[in-house]
Amino acid sequence: MTVSLIYRWRRDLRAAANGFAQVLVAPAGDGVAVPAVPAIEIEFVGSACVRIPASVSPALAAAVVEVLARR
């Protein structure tokens, strides 16, 4: 991941939605507890994985999935 990706995602999300969802970035299997809230977890080809809580708007969830799918 590069810094430019973060800025690109921020720009894309601003265009698609009015805010950001909480994000937890952690290596797989590091023992970090994931909050017990209803969510969808999507694993993309490669090493990308995203967990989208039910409280996130459908538009924001779609924008995040679209950006990660293009990687």
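Reply: Met1, Val3, Ile6 and Tyr7 form a nonpolar patch on the surface, and together they have about 470 Å² of accessible area. Patches are made of residues with over 30% relative accessible area and no salt bridge; like charges are joined within 9 Å, and nonpolar side chains (Val, Leu, Ile, Met, Phe, Trp, Tyr) within 5 Å. Accessible areas come from the Shrake-Rupley method with a 1.4 Å probe, and for residues only the protein chains shown count as cover. This is a predicted model, in which local features need pLDDT of at least 70 and side-chain atom pairs count only at pLDDT 80 or more, while totals for chains, interfaces and linings use all residues. Residues are numbered from 1 along each chain as its sequence is written, and side-chain values use heavy atoms, with hydrogens and water left out.

Me: Is Tyr7 buried or exposed, and in which element does it lie?

Reply: Buried means under 20% relative accessible area, exposed over 50%, and partly exposed in between (1.4 Å probe, protein chains only). Tyr7 counts as exposed because its relative accessibility is 52%. Tyr7 lies in helix 1.

Me: What pattern does the protein chain follow along the sequence?

Reply: Helices (H or I, at least four residues) and strands (E, at least two) are DSSP runs, numbered from the N terminus. Here the protein chain has 2 helices and 2 strands, and its pattern along the sequence is α-β-β-α.

Me: How many salt bridges does the structure hold?

Reply: Side chains of opposite charge can pair when their charged atoms come close. A salt bridge is a side-chain nitrogen of Lys or Arg within 4 Å of a carboxyl oxygen of Asp or Glu. The structure holds 2 salt bridges. One joins the side chains of Asp12 and Arg8, at 3.9 Å from N to O. Both residues lie in helix 1, 4 residues apart, which is about one turn of the helix. Asp12 is partly exposed, at 21% relative accessibility, as is Arg8, with a relative accessible area of 35%.

Me: Which side chains meet in a salt bridge at 3.5 Å, N to O?

Reply: Those of Arg51 and Glu41 do. Arg51 lies in strand 2 (residues 49-53) and Glu41 in strand 1 (residues 39-43), so the pair ties together parts that are 10 residues apart in sequence. Arg51 counts as partly exposed at 34% relative accessibility, and Glu41 is partly exposed with a relative accessible area of 47%.

Me: Which residues make up the largest nonpolar core?

Reply: In soluble globular proteins, nonpolar side chains tend to be buried together. A nonpolar core is a set of buried Ala, Val, Leu, Ile, Met, Phe, Trp, Tyr and Cys residues joined through side-chain atoms within 4.5 Å. The largest one has 12 residues: Trp9, Leu13, Phe44, Ala48, Val50, Ile52, Val56, Leu60, Ala61, Ala63, Val67 and Leu68. Helix 1, strand 2 and helix 2 (58-69) are the elements that give two or more residues to this core, and helix 2 gives the most, with 5 residues.

Me: Where is Leu13 found, and why does Leu13 count as buried?

Reply: Leu13 is found in helix 1 (residues 3-16). Leu13 counts as buried because its relative accessibility is 11%.
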